[in-house]
Amino acid sequence: MSLNVDKIRDQFPVLHQEVNGRPLVYFDNAATTQKPQSVIDAISGYYKLDNSNIHRGAHTLADRATRYFEDTRAAVKEFINAREDSEIIFTKGTTESINLVASTYGRKFLTKGDEVLISAMEHHSNIVPWQMLCEEKEAVLKIIPVNDQGEIIYDEFEKLLSEKTKILSVIHVSNALGTINPVREMIQAAKKWGAKVFLDGAQSTSHLTIDVQELDCDFLAFSAHKLYGPTGLGILYGKREVLESMPPYQGGGEMIKEVSFEKTTYNDIPFKFEAGTPNIADVIAFKTALDFIREIGKSNIKNHEDELLRYASSSWSEIKGFIPVGIAKDKISVISFNIREMHPFDVGVMLDATGIAVRTGHHCTQPLMQRFGLEGTVRASFSVYNTKSEIDQMTEAVSKIAKIKNK
Ligand code: PLP
């Protein structure tokens, strides 16, 4: 089915504006997606009608807010096909979800000489928390190398697995290159050695259909703001038995059963990991974002984005001086590139002058950029509301920019 993109665009107020005198072309979706009117309305609707603290009130507003909040948990469970609602924990973002697991599961179960395996294409948020953990526990961080196409070198990955591997934490889809990693096979391989597997789904959940039961990962993290939802809200999925084995992350209200000065007993999952008043408005609004995705259909979104990827890849490869970075066989709709003899930041600024928003720099993947011997790239990332005519505008703009140094 081809999408009615005009109708979809009508739902996004932010897209209908000029930037620097030109219609906005928003190609920075891997950093954050725009929000449909329904999500914006859900946030203000909560504050207008339902604002109340959840889980502990006897009054109608508290009851309503609690119900809406828990409805989102159920919708997230459906979205990733978890077994039960209690396997879904609300956090501030993917970053906090990773930190939560590193500092609870990691601190409890890792000992000296154990190994944590990550890849060379991780986002900093899937490097630094494990690095901190390894330093504290005298464990070893091992890195799966990446080839020139920007793909994990699978043989090397297999060689790195051993009985010492306690955690494999891997990016499902690369934010910097768009590579889709073979995580199903990787999870199975790691499980043979008894490792727990953490998937960074910050980029995959918006493009691919995710089934955590089928994948059999122990943890999955993602951020609402990359899925047409609000900022400051993340999800941590964990298998019940694994979450139950972990100590709490933060102490405070809501995460307890009973408190005395002698001893505190902790609440059941997921509340054990949700200390304090959560981000109620944004959690409630996130259900609307998931409804938006469900109504269009994940596979329709993916087909549209794949078509944009093919179209842009073939148009831009014709441009003299255009150097793609990351040309994996299996990719989502992200194109990272450089223009010969030009700094990516300069290219980004010149594109902005024509109303085109892209991201430039290291994309929070400095080790990956070092692997490619680059300071950074220009990254265009497409979403459901982007069009071929927007790609044509960028083709024209990049061609002009490239000519400055590539006659
Ligand atoms: N992991 C990946 C692959 C990402 O792309 C990002 C954000 O760009 C993150 C983690 C961090 O997400 P957040 O900043 O929402 O916590």
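Q: How many salt bridges are there between domain 1 and domain 2?
A: One looks for a side-chain nitrogen of Lys or Arg within 4 Å of a carboxyl oxygen of Asp or Glu. In this predicted model, the count between domain 1 and domain 2 is two salt bridges. The structure as a whole holds 31 salt bridges.

Q: Which side chain meets that of Glu151 in a salt bridge?
A: The partner is Lys329, with a distance of 3.9 Å from N to O. A salt bridge of 2.6 Å, N to O, also joins the side chains of Arg371 and Asp148. Arg371 belongs to helix 13, whereas Asp148 is in the loop between strand 6 (140-144) and helix 6 (154-160), so this pair ties together parts that are 223 residues apart in sequence.

Q: How many residues of domain 1 are in contact with domain 2?
A: Contact is judged by heavy atoms within 4.5 Å. By that reading, 36 residues of domain 1 are in contact with 32 residues of domain 2. The area buried between the two domains is about 2,800 Å², and carbon and sulfur atoms give 58% of it.

Q: Which elements give two or more residues to the side of domain 1 that touches domain 2?
A: They are helix 11 (298-316), strand 14 (334-339) and helix 13 (366-371). Helix 13 provides the largest share, five residues. By type, the residues on this side of domain 1 divide into 18 nonpolar, ten polar and eight charged.

Q: How many helices and strands does the protein have?
A: There are 14 helices and 17 strands. To judge the overall form, one compares the radius of gyration with a rule for globules: the value is 22 Å, close to the 22 Å that the rule gives for 407 residues, so the protein is as compact as a globular protein of that length. Along its principal axes, the C-alpha trace spans about 75 × 55 × 35 Å.

Q: Is the peptide bond from Ile269 to Pro270 cis or trans?
A: The angle omega gives the reading: it is near 5 degrees, and the bond is cis. Pro270 is found in the loop between strand 12 (264-266) and helix 10 (280-296).

Q: What is the phi of Glu341?
A: Glu341 has a positive phi of about 70 degrees, although it is not a glycine. Glu341 lies in the loop between strand 14 and helix 12 (344-352).

Technical notes: Residues are numbered from 1 along each chain as its sequence is written. This is a predicted model: local features need pLDDT of at least 70, side-chain atom pairs count only at pLDDT 80 or more; totals for chains, interfaces and linings use all residues. Side-chain values use heavy atoms; hydrogens and water are left out. Buried area is the accessible area (1.4 Å probe) that two parts lose on being put together, summed over both. Helices (H or I, at least four residues) and strands (E, at least two) are DSSP runs, numbered from the N terminus. Ala, Val, Leu, Ile, Met, Phe, Trp, Tyr, Cys and Pro count as nonpolar, Asp, Glu, Lys and Arg as charged, and the others, Gly among them, as polar. The radius of gyration is taken over C-alpha atoms; the globule rule is 2.2 Å times the number of residues to the power 0.38.
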